[in-house]
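The following note sets out some points on the architecture of the model under review.

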Amino acid sequence: MSKKELPSHAKVVVIGGGVVGCSILFHLAKFGWKDVVLLERDELTSGSSWHAAGQIHTISSDPNISRLQSYTIDLYKEIEELSGHSVGLHITGGFYLASTPEWYDYLKRERSKARYMGLNQEFISPKEVAERHPLIDPKHYHAALWDDQDGDLDPSGATYAFAKAAKVHGAQYFTHTPVTATQQRPDGSWDVTTPDGVINAEMIVNCGGLWAREVGHMQGINLPVQPMEHHYLITEEIPEIAARDTRLPAGIDYEANIYFRQERNGMLLGTYEPRGTPWKVGGTPWDFGHELLPHDLDRIAERLEMSFERIPAIGEAGIKDIINGPFTFGPDGNPMIGPVPGMTNYWCAVGVMAGFCQGGGVGLTMAEWMMDGEPSIDVWAMDVARFGDWATPDWGTVKSTENYERRFVMTFPNETLPKGRLQKTTALYDRLIAKGARMGQGFGLENALWFADGPDDAHEVPTFERNRSHDYVAREVATVRNDVGGIEIANFAKHEFKGVGARAYLDRILAGFVPKSGRLTLTPMLTPKGKLYGDLTVACLADDHFMLFGSGAMQEAHRRWFEKDLPDDVSYQNVSDDWHGVAISGPQSRALLARITRADVSADAFKFRDLRQTYVGGVPVILNRISFSGELGYEVYCRPHYLIKLAEAIEEAGVDLGYRWYGARALMSMRLEKAWGVWTLDYRPDFTAAQSGMDVFINWNKDFVGKDAALAEKTAGPDKKLVTLVIDVEGIDVSNDEAILLDGAAVGYVSSGGYAHHVKKSMAMGYVAAEHAAAGTCVQVEILGQMYDAEIQGAPLYDANGANMRA
Ligand SMILES: Cc1cc2nc3c(=O)[nH]c(=O)nc-3n(C[C@H](O)[C@H](O)[C@H](O)COP(=O)(O)OP(=O)(O)OC[C@H]3O[C@@H](n4cnc5c(N)ncnc54)[C@H](O)[C@@H]3O)c2cc1C
C-alpha cells in the first residue's frame, strides 16, 4: 500500500475508528473544528463495532444517559442523509417485559423517569404485547413498558455514516494507520506516531475500544476496562415473520436475560451469560482482526431454554448463525469519557458497551466538553474521573465482569454489590465490622452504611421498600439527636493548597468566602457557565495553607479541575487518603470531646466554624467545629496511622454519654430534615447556584469563575428550584429520579430522599419549575407507579435556625 499523506498538524487526533471515535470526529467537525483527524489501525469498525447486534434503545439507569441515548437514536437519520450511507435503521418500537412483580416495579420507576424526561414510554398489557409481537407467549408477563424510539440498525453502516458525515463537515480519517506511540511535547501538544508519519495534535482522544487499554499504556494510563465475550444467535427464516408485512418490535426480557429483534425473516437473540468470560485479560493482541471467537452454547443453554418458552418460534426455528464477539465493559457498565485526570490534553472515550445506543451522545458530550470546556448536561455517570488509582486493572476486570453478568439483573436501592470489595479499607474496618457495620463502597473505599446488633445480624434483603436497616438507622439517629454518635469520615475528599498565591487562587475559583486563619466557610464552586461544580468546606490552616473538604466521589474530578490552571505560586495535592478521621455529633459531643483534648473546646472558646490544629485522644488532629448531621458536632481528622487510637479514645470517653457509631444512612436521614442537599444527587452540574439555593453562600463582592452567568441568573431568576417535600406515604420512600407532578403533569423530579427518622416523615428533595416551588404547594410524587400527595416545605423541619448546631 502506498504511503498516505497525513497532515503534520491537527487540532485533535482521534485514535480508533469504531462507532465511538467516528461519532466524536463527526461532532467536532459539525460544531466547527475542521482540523480534526481520525486514525484507524485497520478498516473502520475493526474492533467490536462490526459484529454488534445493532439493537438500540433509550433505557439506562442514569437519566442523562437515557437522554443521550434518545439523542443518539434521533441522530441516525441526520448522518444517513448527510453521508448518503445507509445506517439500516428500523424504528420498530420496543418493549421491556416484566415477568415478575419486582421487574414490574422496576419498570414503573423507569416510566416515572420518562415522564419528566419527556420520553415516549407507556405500559402495555400482555395481550397488547402479543398483538404487537405474535411470536411472544404473553402468559409469562405482568406487563411491558413500550418505547416508541427503540429498534435496530446496521452497525457497520452506522459507523461509516458517522465517518462520512464527519468528512462532509471537513474532518479527515485515515484507515490502515495504526498509532504506535503518543508522546507529549513540553508545550502540552502530542506527537502521534504512525508508520506513515507523525501528526502533532493539540489534543488526542483514546477511542481504542477493544485496545483502549493498550492505547492507554502508550502513556502509562491504566484504564480499568475489560473486553468480555458475548453471544447472540440468528435463527433460520420463521414462516410467521416471512408472512408479515411489518417488522416486529425489538424487546428485552429481564428475567430471561435476553434481548431480541427481527433479523431479515428470522430472529436475533442475545444474552448476557450468568458467568461472564473476560477476554484477553493480559491485553488485546494488535493482530486481532475482523475475527469472531469460538462459540459455546453450553454457557447460555439455561437462558436459551427460558427464551424458547417465552418465544417458542425461536426454539422451533433452526439456528443459522452463532456470534461470539468481544466488547469492552467498564466497572459499572457506563462509558468512561472526558479529560483523563493527571494528564494534559489527553481525552478518552472508552468502555462504551452499548456503542450504538450511546455513541451519538458520547460524541456530542465529548465535542461540547473539548470545545466549550464543559458538557451541556451533567455526565458524571460517564466521567472517567469517577474512578481513581484504586481502580486497578485487576479490579476493573472483576467489576466489569460483575457488571456484564448483571447487565439485565436488577440492582435495588439498598443493594451493595459483592465483587471488588475490600479494595480500600481504613484501620477501623475490622473494629466496625465487629460492631455490626454493614458496609458500602464509595470511590473504592469501604464505609459503614448502618450498624446491626453484631456481625451476624448485619444483613438485609434487596428491596424497593423500607428495608431491614430502618429501625437500626432510627436508633442511630436518636443517638445523634439525643446523645452523641460517631461516623467515620475517611471518605470525605480533602484537597490541600499551599503557597503565597493560595488565597487569591481560591478566591477566584470559589464563589463563596475564603475564611481567615482558624476559620471554616462553606462555598459553591461554579463552572464558567455558572453550573455547580462543587460544594466545599474551606479550612484556613494558615494564611498560605488551606484544606478543602468535599465529595469523596468527586475527588479526581476536582483534582482535574484544580490542576487545570494552577498558578505557579500555589501547590496543590489531593490528600484524601492522608487524612482519615471521625465526626462526632450530638448534644453530648462537646462533653465527650472535652474529655479527650486539652484544648479549650467550650462554646465561647471554640465557636461554630472554628478550626484548630491540636491533639484529640492523644493524637495530632485537625479539629473542625462543623457537622453535616445538623447537630452540635466536630470533625476530627487525623493521619491514618492514628485512627485506631483516636477511635478508642472516643469510644471510651463516650461510654456513659450514650456514644454509638452511626453510618451513612443515618447521616443521609438527618440532613434531609435539615434540608441540606448532597453532591451527585441534589448538587451537580445540571444545576446552578440559584437553582440549588447555594447562592446564599456566594460572595458577590469579588470576581470569581462563573460570576457573569450567576449574576445573569440572579437578575432573571432561576427557572427551577430545589425544594424539600414531605410525602404522605407508608412503608416505602423515594430513592431518586421519581417524577413530581402537579395536576397530572410532571413539573420536576426527585433528586434524593428517604425517611427522616427524627421528625418521622418520608421526605424528598427535588427540582421543580420555579412557579410551583412556593412553600405550601401541594404536588404528587410517583413511587412505583402510585401517586402520593406531597407538600413543599419552607423552613427545615429540624432546628430551623441552627441553634442546636451553633450551641
Ligand atoms: C456480540 C456483540 C453484540 C453487541 N450488540 C450491541 C447492540 O445490540 N447494541 C449496541 O449498542 N451495542 C452492541 N454491542 C456493543 C458495541 O459493539 C460496542 O459498544 C461498540 O462497538 C464500541 O465501539 P468503540 O468505537 O468504542 O470500540 P471498537 O469498535 O472496538 O473500536 C475501536 C477501534 O479502534 C481501533 N484502534 C485501536 N487501537 C488503535 C491504534 N493504536 N491506532 C489506530 N486505531 C486503533 C480499532 O481497530 C477499532 O476499530 C455489541 C457488541 C458485541 C461484541
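1. In what follows, two strands are taken to pair if DSSP finds at least two bridges between them. The model is predicted. On this criterion, eight strands form an open sheet in the order 6-7-5-14-15-16-13-17, and the pairing within the sheet is mixed. Its edges are strand 6 (121-124) and strand 17 (319-329), each of which pairs on one side only. On average, and ignoring direction, neighbouring strands of the sheet are turned by 20° against each other.

2. At the edge formed by strand 6, the partner is strand 7 (residues 143-147), and the two run antiparallel, joined by four bridges. Within this pair, Glu122 stands opposite Trp146 of strand 7.

3. Two helices that pack on the sheet deserve mention. Helix 3 (residues 101-117) touches strand 5 (94-98), strand 6 and strand 7, and its direction makes about 150° with that of strand 6. Helix 11 (residues 393-405) touches strand 13 (226-235), strand 16 (266-271) and strand 17; the angle between its direction and that of strand 13 is about 25°.

4. Which residues of helix 8 are buried? In this helix (residues 301-310), they are Arg303, Leu304, Ser307 and Arg310. Viewed down the axis of helix 8, the buried residues fall within an arc of 120°, and they therefore line one face of the helix. An α-helix has 3.6 residues a turn, so residues three or four places apart point the same way. Glu302 and Glu305 are exposed on the face of helix 8 turned away from the buried side.

5. The cover over the buried residues of helix 8 includes strands of the sheet described in point 1, namely strand 13, strand 14 (250-253), strand 15 (258-263) and strand 16. Helix 9 (312-316) also belongs to this cover.

6. A further set of pairings involves strand 37 (residues 778-783). Strand 34 (residues 739-742) pairs with strand 37 in the antiparallel sense over two bridges, and here Ile740 stands opposite Val781. Strand 37 also pairs with strand 38 (residues 786-792), again in the antiparallel sense, over six bridges. The bridge partner of Cys778 in strand 38 is Glu791.

7. Strand 37 and strand 38 form a hairpin with two residues between the strands. In this hairpin, Leu784 takes a positive phi near 45°.

Definitions and conventions:
Residues are numbered from 1 along each chain as its sequence is written. This is a predicted model: local features need pLDDT of at least 70, side-chain atom pairs count only at pLDDT 80 or more; totals for chains, interfaces and linings use all residues. Side-chain values use heavy atoms; hydrogens and water are left out. Axes are lines fitted to C-alpha atoms, for helices over the stretch in contact, and angles run from 0 to 180 degrees between N-to-C directions. Contact means heavy atoms within 4.5 Å. Buried means under 20% relative accessible area, exposed over 50%, partly exposed in between (1.4 Å probe, protein chains only). The arc is that of the directions from the helix axis to the C-beta atoms.
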